[in-house]
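Try each task before you read its solution.

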Amino acid sequence: MSTLRLSTTSYVVLGMIAMRGPSTPYDLKRAIGRSVGYFWNFPHAQLYAEPKRLQEAGLLDVHEEGTGRRRKIYTITEAGDDALRGWLAEPVKEHFELRDIAEIKLFFNELAEPDDVARLARDQIEQHERRIAEYEEMRRRYGGIEEVSSRMVTLELGLGMEYAARDFWRGVQARVERGEFSSVKGRPMAR
C-alpha cells in the first residue's frame, strides 16, 4: 500500500462503501447526494476519480463486470477499513466553517439599498423554509427506520441550523422594516 494522502472525500468514499457494501462510482454519487451531500459539497468528477485512486492505494478492491456496461464495482479492503476507523477515531480540530454568499452580501449592506437587503432577507427565508420542509419530510419518511436511525442525528443538526438561519433572516427582515438599514444615496462610492 502506498503512502497516499487521504482527503475528506477519500474518507467519505471509504465510509459510504463500508456502509453500503459494493458500489459503483455512480452508486456513490447518488448515495452521497441523498445523505452527506446536504452538508458537504462534492464535485461529481472527484467522486468518480477517488475510488480508482483508493483502489490503487490498496484501500479498495475493484471488480469489473464482464458483460453489459462493464461497471467497476468497489469494495473496501481491510486496509481501507483500518484507515477509515483510524480517521473516525481522530478528534476534529478544525472549527466549523460556514460559506454563505448571502452573509457576505449582508456584510456589505451599507453599500446596498434597503430594498436590496429586504429582498435578500426574503429570498433567504424562502430558501431556508424550503430546506426545512425537505428535512422534515426526510425525518418523517426515514425517522422510524431502525437501519438508518443512527445516521439521522446529522439531520437534526441540519434542521437546527436551518431553523436558526431562517430565524436570523426573519430578524434582518424586521430590522429593514424598522428602518435600521440606511440607503447608500448621498454616500460616495469608491471608484
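Buried means under 20% relative accessible area, exposed means over 50%, and partly exposed lies in between (1.4 Å probe, protein chains only). This is a predicted model, in which local features need pLDDT of at least 70 and side-chain atom pairs count only at pLDDT 80 or more, while totals for chains, interfaces and linings use all residues. Residues are numbered from 1 along each chain as its sequence is written, and side-chain values use heavy atoms, with hydrogens and water left out.

**Exercise 1. Describe the aromatic pair of F107 and F108, then classify both residues by accessibility.**

Step 1: start with the rule. Rings of Phe, Tyr and Trp (its six-membered ring) pair if their centres lie within 6.5 Å; planes under 30 degrees apart count as stacked, over 60 as edge-to-face and the rest as tilted.

Step 2: apply the rule. The count comes to four aromatic pairs. One of them joins F107 and F108, edge-to-face, with 5.0 Å centre to centre and 90° between the planes.

Step 3: check accessibility. F107 is exposed because its relative accessibility is 63%, whereas F108, at 43%, is partly exposed.

**Exercise 2. Work out the geometry of the F168 and W169 pair, and find what W169 has to do with H128.**

Step 1: the ring centres of F168 and W169 are 5.3 Å apart with planes at 80°, so this pair is edge-to-face.

Step 2: F168 has 45% relative accessibility and is therefore partly exposed. W169, with 2%, is buried.

Step 3: move to H128, in helix α6 (residues 114-142); helices (H or I, at least four residues) and strands (E, at least two) are DSSP runs, numbered from the N terminus. Contact means heavy atoms within 4.5 Å. Leaving out neighbours within four places in sequence, H128 contacts W169, along with E162, A165 and R166. H128 is buried because its relative accessibility is 12%.

**Exercise 3. Where does helix α3 bend, and what do its buried residues pack against?**

Step 1: helix α3 (residues 44-56) bends by about 25° at E50, and the proline P51 follows within four residues. The bend is the angle between axes fitted to the seven residues ending at a residue and the seven starting there.

Step 2: L47, E50, P51 and L54 are the buried residues of α3. They pack against α1 (8-20), α2 (25-33), β1 (60-64) and β2.

Step 3: just past the helix, G58 has a positive phi of about 85°.

**Exercise 4. Which residues have the most contacts inside the largest nonpolar core?**

Step 1: a nonpolar core is a set of buried Ala, Val, Leu, Ile, Met, Phe, Trp, Tyr and Cys residues joined through side-chain atoms within 4.5 Å.

Step 2: the largest core has 19 residues, and V13, L14, M16, I32, L54 and L60 have the most contacts inside it. Two or more residues come from each of α1, α2 and α3, with α1 giving the largest share, six residues.

Step 3: a separate core of 12 residues includes V117, A118, A121 and I125.

**Exercise 5. Is T77 buried or exposed, and what does its side chain reach?**

Step 1: T77 lies in the loop between β2 (72-76) and α4 (78-89). Its relative accessibility is 13%, so T77 is buried.

Step 2: the T77 side chain reaches the backbone oxygen of L59 at 3.0 Å. That is a polar contact: a pair of N or O atoms within 3.5 Å, where, within protein, one must be able to donate a hydrogen and the other to accept it, and residues adjacent in sequence count only if both atoms are side-chain atoms.
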